[in-house]
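Visitor: I am new to this structure. Please show me how to read it, one feature at a time.

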Amino acid sequence: MIEVQEVGRSFTVGRRRDRRTVHAVRDLSFTVGAGEFVGYLGPNGAGKSTTIKMLTGILAPTTGRIEVAGLDPSRRRTALARRIGVVFGQRTTLWWDLPLRDSFELIRHLYKVDRVVFRERLEELSSLLGLGDFMATPVRQLSLGQRMRGDVTAALLHDPAVLVLDEPTIGLDVVSKAAMREFLSRRNAEHGTTVLLTTHDLGDIERLCRRVMLIDHGHLAFDGTLDDLRATVPEEKSIEDVVARLYTGQATTGA
Amino acid sequence: MITTRGDDRGSFRRRFRGGLILLYLRIAWYGFRRHSAYRSAAFAGAFTNAVFGILRAYVLIALWNARPGLAGYDLADAVTFCFLSQAFIGPMQLFGGGLELSGRVRSGDVAVDLVRPASLQLWSLADDVGRAAYLFLLRSLPPTAVGAALFGLVLPSGPAAWLSFTAGLALGVVVSFGWRYLVALSACWFMDDRGMQSLSLILTLFFSGMVLPLNLFPGWLGDLARALPWSAMVQVPADLYLGKRDILDALGFQAAWAVALLALGALATSAARRKVVIQGG
């Protein structure tokens, strides 16, 4: 469902004399199959967001080849948008000053979802995520947890085959976090939606992801199951400590 | 994903286009409603526009009493021009801004907009048309009514003048959007659009005719000012209202600048998409 082959992305920063090239991502390759739930980890600045922007077609890779849901993201961005759902936890796709419901109605037109199908999907998502109480509330008045549920709904109304989540639980309290995880897990199991999840919350990873990829300095430092990940640093008990070791480069195994 | 339900391509394409129009109409309607959330700001703006209209009117009255017939306007034309230009401030967004885009580029939120299966430029345009319509009702009509009550304004000479004025107003909004979109998008290259915003403010206020009617300027400066896109925002629609300019010539001028700026905006959008760092990690 997602294929990344030897992808690199560099940026030129600075002006004139101190102009230099920063390699946000280099020689990155991985494949995600249909129905997988993959965690994508990495320290700040490792290249996670750059990868996500390339997968969603916002950025074109400098080198290499990407295919998501059968399409080259940067070339077929608009067509791809109809096949994937994206949630940026720190940003919102909802209309700030208007009731939540209006944002969904706009998305129905944007993705050309049939009216009846749309109503069914919205009802399902609304009952699963408990949107009923604030459907008529302007988005700017929603709590962060409510807004995030709104954003996840917005990303799923066109029933995408691939869901890309960039820190969807950031800032949520334990109850909201648990509800969000439960929802995502069910979505993956029942709809077969392929999910790529980036997060700094390792609880998300432990509860949701069968497979973990870890990116560091722009290339893949680990790809395997959660148990494999633990095994890289056998002397550490908690997953936090394991990942911290990997981030600081003290692990025994790479790749 | 789209299902065509087996109709022929032609009808599908028609439906598709109809859907697009509905989408952008809806965005415009949302833009209208989005601004209605800030009603008190609009009222405050209308009040300010009216007060400054009165002050500027007295300046122009003094000027026209000293030099009657200046710029081809009589005194009543000049006072009308003054209140028209005040009325254009809101819809044409003459003091700059009006687009969420610049803030979204700065914060990186534009990433969300770029994921949508829609044109960023048309999306912004539709939203801006909604904004302009709302501000026309709240910030254009009241100051004009005040001006009419205090000074007695000239009315367009007939249906043709009314129609051409309406068209000129609409085209002026598109030209204004085309320019502001470019300014907002400049944030992609300069990391921040504040420098461009202040440059734009000076260019717009002077070359639109907001400070003084452009017909006042003699020689090459006048010719230049009247040929630049900003004149499509104040001078041209005001002249259409006052019946001082050939209708087709005026509307053609505005339409040409609207097309040129939108085309530039489309180029800038794809350039931005290709080369630009989207801020905010």
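Visitor: Which residues of chain B does UniProt list for "transmembrane region"?

Guide: UniProt positions are given in the numbering used here, feature names are shortened, and annotations may be inferred rather than shown by experiment. The unreviewed entry lists residues 44-66, 78-96, 132-154, 160-179, 199-221 and 251-272 of chain B. This is a predicted model: local features need pLDDT of at least 70, side-chain atom pairs count only at pLDDT 80 or more, and totals for chains, interfaces and linings use all residues. Residues are numbered from 1 along each chain as its sequence is written, while chains are lettered from A and ligands numbered from 1 in the order in which they are written.

Visitor: How far apart are the end C-alpha atoms of residues 251-272 of chain B?

Guide: Helices (H or I, at least four residues) and strands (E, at least two) are DSSP runs, numbered from the N terminus. Residues 251-272 of chain B are 100% helix and 0% strand, with end C-alpha atoms 31 Å apart. For residues 132-154 of chain B, the values are 87% helix, 0% strand and 24 Å.

Visitor: Why does Ala170(B) count as partly exposed?

Guide: Count other C-beta atoms, placed from the backbone, within 10 Å: 20 or more is buried, 12 or fewer exposed, in between partly exposed. Ala170(B) counts as partly exposed because it has 17 C-beta neighbours inside 10 Å. Ala170(B) lies in helix α7 (residues 159-185) of chain B.

Visitor: How many residues does each chain give to the contact?

Guide: Two residues are in contact if their C-beta atoms, placed from the backbone, lie within 7 Å. Chain B gives 22 residues and chain A gives 23 residues. On the chain B side, α1(B) gives the most, with seven residues.
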